[in-house]
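Colleague: I would like to walk through this model with you. Can we take the chains in turn and then look at single residues?

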Amino acid sequence: MGKVLMKGNEVIAEAAVHAGCKYFFGYPITPQSELVAYMARRLPEVGGLFLQAESEIAAINMVYGAAGTGVRVMTSSSSPGFSLKQEGISYLVGSELPAVICNIVRGGPGLGNIQPAQSDYFQVTKGGGHGDYNIPVLAPASLQEIVELTQDAFDIADRYRTPVILMGDGMLGQMMEPVEFREREKAIIDEKEWATTGTRGDGGPRIITSLELDAESLEQRNWKLQKKFATIKENEVRYETYQVDDADYIMVAYGTVARITMNSINQARQKGVKVGLIRPISLWPFPEKPFIETRDQVKAFISVEMSAGQMIEDVRLAVNGHAPVDFFGRTGGVVPTQEEIYDKIMTVAGGVNV
Amino acid sequence: MTMKTVFRKTNGLTDKPTHYCPGCTHGVIHRLVGEVLEEMDILEDTIGVASVGCSVLSYEYFNCDMTQAAHGRAPAVATGIKRVLPDRFVFTYQGDGDLASIGISEVIHAAARGEKITVIFVNNAIYGMTGGQMAPTTLIGQKTATTPYGRTESVQGLPIRVSEMIATLDGAAYIERVSSHDVPHIMKAKKAIRKAFETQKKGLGFSMIEVLSTCPTNWGLAPHESLDWVKDNMIPAYPLGVFKNKEGGN
């Protein structure tokens with residue numbers, strides 16, 4: 001199969017189908033509605049099922065039910081709808097069920113607007129719903145990367161019995177790029193012996209629940225979950241670096257903003273400013289290693305975000321006081337331009353070699 | 001002399017003792033559902049969905065695969081299960097706080113879609129597990145923790161008759177309200193529950209059995225007084241009968 005020109009939201013949907021997802025429960029919301037519509041058309045073609053739920057809350061709970069039967073299942077939404085899904089996501093974590101949830105982020109808070117934003121960073125990386133938990137969050141920066149990360153998301157979900165969030169901004173969902181779908185080996189998953197499919201004489205009954213009335217028992221369950229999160233932290237960190245080896249300054253950006261930032265870096269390099277980029281691909285677990293490796297050599301880190309400054313907290317933790325951490329961000333759905341990021345680099349660089 | 005078994009434990013329930021208060025009819029209703037699943041020989045093909053509230057632990061009592069759902073969301077969870085496994089039997093077991101309040105949207109839309117699931121809706125006109133607060137089904141004049149002066153129409157509005165409301169939806173195939181306050185009604189309730197699962201088996205659409213039930217603890221009544229309270233107060237407000245039968249007849 002050669003390259004095809006597709007819209008970001010549709011790439012996510014097709015990639016999910018390639019990853020073996022046959023069930024999708026969703027509710028339309030801009031700017032991710034093409035994903036829902038694509039699934040409605042595509043899933044019946046592969047013997048799967050698309051169902052439009054009456055709300056985001058119902059959709060995530062349908063996902064919960066389907067995930068309990070052991071199939072690969074997905075839902076997607078955008079910020080206000082994603083907030084509504086938090087209840088169900090907490091239950092998926094508590095009951096240890098695998099599912100993929102896509103959030104194509106738009107401007108907030110409240111109804112906000114339908115422009116691209118990254119202002120759900122806290123919500124996706126710091127739990128979001130109630131209880132002690134973390135969820136793996138993957139943030140692609142290009143449509144080809146979506147193809148890879150969508151399958152990764154399903155594999156991680158099955159491997160660890162956890163929901164996984166695929167996060168993009170509205171620009172990623174709406175842009176068109178040529179992509180190629182390559183068939184990839186799917187994660188080898190043990191028979192899902194925990195799935196509730198009717199006992200059919202194979203032992204059981206099996207129970208899926210997140211209820212644990214006894215405090216000591218729930219604490220044990222939480223420590224078990226924490227152990228799992230620690231394993232995910234060990235194994236599932238993803239990031240990319242660009243021109244960091246000789247860098248005096250390191251930009252930190254993810255998603256489409258990272259691509260804009262790369263252009264600003266090239267522009268600054270032409271002026272002799274040694275600047276590089278760390279691009280977190282997994283937002284949780286946050287990649288600490290590239291910071292530890294560079295933080296004693298650089299003069300400053302600059303977090304660039306389409307939010308008022310959320311990822312910067314993780315950058316600060318990773319830098320841990322070894323270097324100053326600066327910030328440039330636009331919020332409310334405004335996409336930073338290459339020029340204004342360049343200006344920020346030059347300001348921080350303080351006229352070095354300019 | 002040969003012994004004849006006239007009564008035994010149903011295989012539809014596990015051996016686990018239930019946590020229900022004395023005089024509560026959850027145990028009876030559990031048993032009816034368990035007996036029906038056993039008699040229809042579908043225990044191994046059934047996935048139940050437990051709700052939030054007093055029946056939250058029902059997943060420990062039914063002898064089939066069970067999933068515990070978030071507050072009110074059981075019909076959505078059941079939808080997810082049934083859509084993946086259309087040849088299995090899927091039921092929810094929900095109280096009135098769960099189904100008629102926070103979960104009213106999920107049950108209405110599951111019925112409207114004609115989901116081939118069975119909802120066992122236990123209505124005792126009060127929040128039990130949470131400590132006796134008003135439910136959407138609380139009767140006018142009924143005193144609860146959050147209607148200490150009695151429910152009034154002007155402040156809290158009127159109770160919802162869920163069965164009548166759901167029966168208006170075209171996706172609803174079998175809707176019946178029964179009671180658990182005496183033996184004849186319990187026998188009738190079992191027939192209704194069986195009819196609901198048979199409706200599911202035939203793929204006719206959504207089925208729901210509303211069972212009027214007791215809450216001696218939060219009503220502040222003795223068990224036998226509670227049974228009378230169902231008969232004297234609840235049945236007049238929530239008339240028994242079949243509200244929808246797609247097949248026709250009874």
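Modeller: Start with chain A: for 354 residues, a compact globule would have a radius of gyration near 20 Å, and chain A has 21 Å, which agrees. That radius is taken over C-alpha atoms, and the globule rule is 2.2 Å times the number of residues to the power 0.38. This is a predicted model: local features need pLDDT of at least 70, side-chain atom pairs need pLDDT 80 or more, and totals for chains, interfaces and linings use all residues. Residues are numbered from 1 along each chain as written, chains are lettered from A and ligands numbered from 1 in the order written, and side-chain values use heavy atoms, without hydrogens and water.

Colleague: What share of the residues of chain A counts as buried?

Modeller: Buried means under 20% relative accessible area, exposed over 50%, and partly exposed in between, with a 1.4 Å probe and protein chains only. The C-alpha atoms of chain A fill a box of roughly 75 × 50 × 40 Å along the principal axes. Of its 354 residues, the buried share is 59%.

Colleague: How many helices and strands does chain A have?

Modeller: Helices (H or I, at least four residues) and strands (E, at least two) are DSSP runs, numbered from the N terminus. By that count chain A has 13 helices and 15 strands.

Colleague: Why is helix H1 of chain A described as largely enclosed by the rest of the structure?

Modeller: Helix H1 of chain A covers residues 8-18. Among its buried residues are Val11(A), Ile12(A), Glu14(A) and His18(A). H1(A) is followed by Gly20(A), with a positive phi near 95°. The helix is largely enclosed because the buried residues number ten of the eleven.

Colleague: Is Ala99(A) buried or exposed?

Modeller: Ala99(A) lies in strand S5 (residues 99-105) of chain A. Leaving aside neighbours within four places in sequence, its contacts (heavy atoms within 4.5 Å) include Val63(A), Leu92(A) and Pro163(A). Its relative accessibility is 2%, so Ala99(A) counts as buried.

Colleague: What distance separates the C-alpha atoms of Ala99(A) and Asp155(A)?

Modeller: Along the chain, Ala99(A) and Asp155(A) are 56 residues apart.

Colleague: How many aromatic pairs does the structure hold over all chains?

Modeller: Rings of Phe, Tyr and Trp (its six-membered ring) pair if their centres lie within 6.5 Å; planes under 30 degrees apart are stacked, over 60 edge-to-face, and the rest tilted. Over all chains, the number of pairs is ten.

Colleague: Which parts of chain A does the pair of Tyr121(A) and Tyr254(A) tie together?

Modeller: The pair is tilted, at 5.8 Å centre to centre and 45° between the planes. Tyr121(A) lies in helix H6 (residues 121-125), and Tyr254(A) in the loop between strand S11 (249-252) and helix H10 (256-270), so the pair ties together parts that are 133 residues apart in sequence. Both residues, Tyr121(A) and Tyr254(A), are buried. The parts tied are helix H6 and the loop between strand S11 and helix H10.

Colleague: What radius of gyration does chain B have?

Modeller: Chain B has nine helices and seven strands. Buried residues make up 57% of its 250 residues. A compact globule with 250 residues would have a radius near 18 Å, which agrees with the value for chain B, 17 Å.

Colleague: Which backbone nitrogen does the side chain of Thr144(B) reach?

Modeller: Thr144(B) is found in the loop between strand S4 (118-123) and helix H5 (153-156) of chain B. Thr144(B) is buried, with a relative accessible area of 8%. At 3.2 Å, its side chain reaches the backbone nitrogen of Met134(B).

Terms used
A polar contact is a pair of N or O atoms within 3.5 Å; within protein, one must be able to donate a hydrogen and the other to accept it, and residues adjacent in sequence count only if both atoms are side-chain atoms.
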